Amino acid sequence: MPELTRGEEEVMQILWELGAGSVNEIIARMREPKPKYTTVATFVKILENKGFVGHEVAGKGFRYFPLVEREHYAGRNLRSMLSTYFGGSLSQLVSFFSQHEDISHEEMSEILEIMEKVKKH
């Protein structure tokens, strides 16, 4: 699966939220200052060429939709980050976040509950 640039990933995040949308609908969800129509249309075309996005005719234009699920892309990126920065060790990743991020007691409890559920299966 090819890598996405920051701009391409922003467009994908919006399409994952929308399910499908036109270039104008994508732009409407973007932060200020909003990019030009041609810039977003170029990102969408690149995403189509990379196999992340498909389209269907809608009136005089197109509606674009994701071909790659958010979870699939996120999982691949997480595995890559885990391998690149933490030697493939999930425990090193958790240790890093516990030392460098403010993890609330509630979040820590949720993490432990998840781990206990996984352990039982």
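**Hairpin, core and pocket**

Analyst: This is a predicted model. Strands β1 (residues 53-58) and β2 (residues 61-66) pair in the antiparallel sense, and six bridges link them.

User: Which residue of β2 is the bridge partner of His55?

Analyst: β1 covers residues 53-58 and pairs with β2, residues 61-66. For His55, the bridge partner in β2 is Tyr64.

User: Which residue takes a positive phi in the hairpin of β1 and β2, and near what value?

Analyst: The hairpin has two residues between the strands. The residue with the positive phi is Gly59, and the angle is near 65 degrees.

User: Is Phe65 buried, partly exposed or exposed?

Analyst: Phe65 lies in strand β2. Leaving aside neighbours within four places in sequence, Phe65 is in contact with Gly19, Ala20, Phe52, Val53, Gly54, His55 and Glu56. Buried requires under 20% relative accessible area and exposed over 50%. Phe65 has 25% relative accessibility, so Phe65 counts as partly exposed.

User: How far apart are the C-alpha atoms of Phe65 and Phe52?

Analyst: Phe52 is among the contacts of Phe65 when neighbours within four places in sequence are set aside. The two residues are 13 residues apart along the chain, and their C-alpha atoms are separated by 8.6 Å.

User: Which element gives the largest share of the largest nonpolar core?

Analyst: The largest nonpolar core has 18 residues, of which Val11, Ile26, Val40, Phe52 and Val53 touch the most other members. Two or more residues come from each of α1 (6-18), α2 (23-28) and α3 (37-49). The largest share, five residues, comes from α1.

User: Which residues does Val11 touch, not counting those up to four places away in sequence?

Analyst: Val11 is one of the core residues that touch the most other members. With residues up to four places away in sequence left out, Val11 touches Ile26, Met30, Val40, Phe43, Val44 and Leu47.

User: Is Gln13 buried, partly exposed or exposed?

Analyst: Gln13 is in helix α1. The cut-off for buried is under 20% relative accessible area, and for exposed over 50%. The relative accessible area of Gln13 is 26%, so Gln13 is partly exposed.

User: Where is Pro33, and what is omega for the cis peptide bond that joins Glu32 and Pro33?

Analyst: Pro33 sits in the loop between α2 and α3. The bond joining Glu32 and Pro33 is a cis peptide bond, with omega of about -10 degrees.

User: Which residues is Met1 in contact with, leaving aside neighbours within four places in sequence?

Analyst: Met1 is in the segment before α1. Met1 counts as partly exposed because its relative accessibility is 40%. Beyond the neighbours within four places in sequence, Met1 is in contact with Phe52, Val68, His72, Tyr73 and Arg76.

User: How far apart in space are Met1 and Val44, C-alpha to C-alpha?

Analyst: Val44 is among the residues that Val11 touches. Met1 and Val44 are 43 residues apart in sequence, and their C-alpha to C-alpha distance is 16 Å.

User: How much space lies in the largest pocket?

Analyst: Leu90 and Met115 are among the residues that line this pocket. The space in the largest pocket is about 150 Å³.

Note on methods: Residues are numbered from 1 along each chain as its sequence is written. This is a predicted model: local features need pLDDT of at least 70, side-chain atom pairs count only at pLDDT 80 or more; totals for chains, interfaces and linings use all residues. Side-chain values use heavy atoms; hydrogens and water are left out. On a 1 Å grid over the protein atoms alone, a cavity is a set of points where a 1.4 Å probe fits but cannot get out, and a pocket is an open set with protein on both sides within 12 Å along at least five of seven lines; lining residues have an atom within 4 Å of a point. Grid points are joined across faces, edges and corners, and a volume is the space filled by probe spheres set on the points. A nonpolar core is a set of buried Ala, Val, Leu, Ile, Met, Phe, Trp, Tyr and Cys residues joined through side-chain atoms within 4.5 Å. Buried means under 20% relative accessible area, exposed over 50%, partly exposed in between (1.4 Å probe, protein chains only). Helices (H or I, at least four residues) and strands (E, at least two) are DSSP runs, numbered from the N terminus. Contact means heavy atoms within 4.5 Å. Two strands pair if DSSP finds at least two bridges between them.
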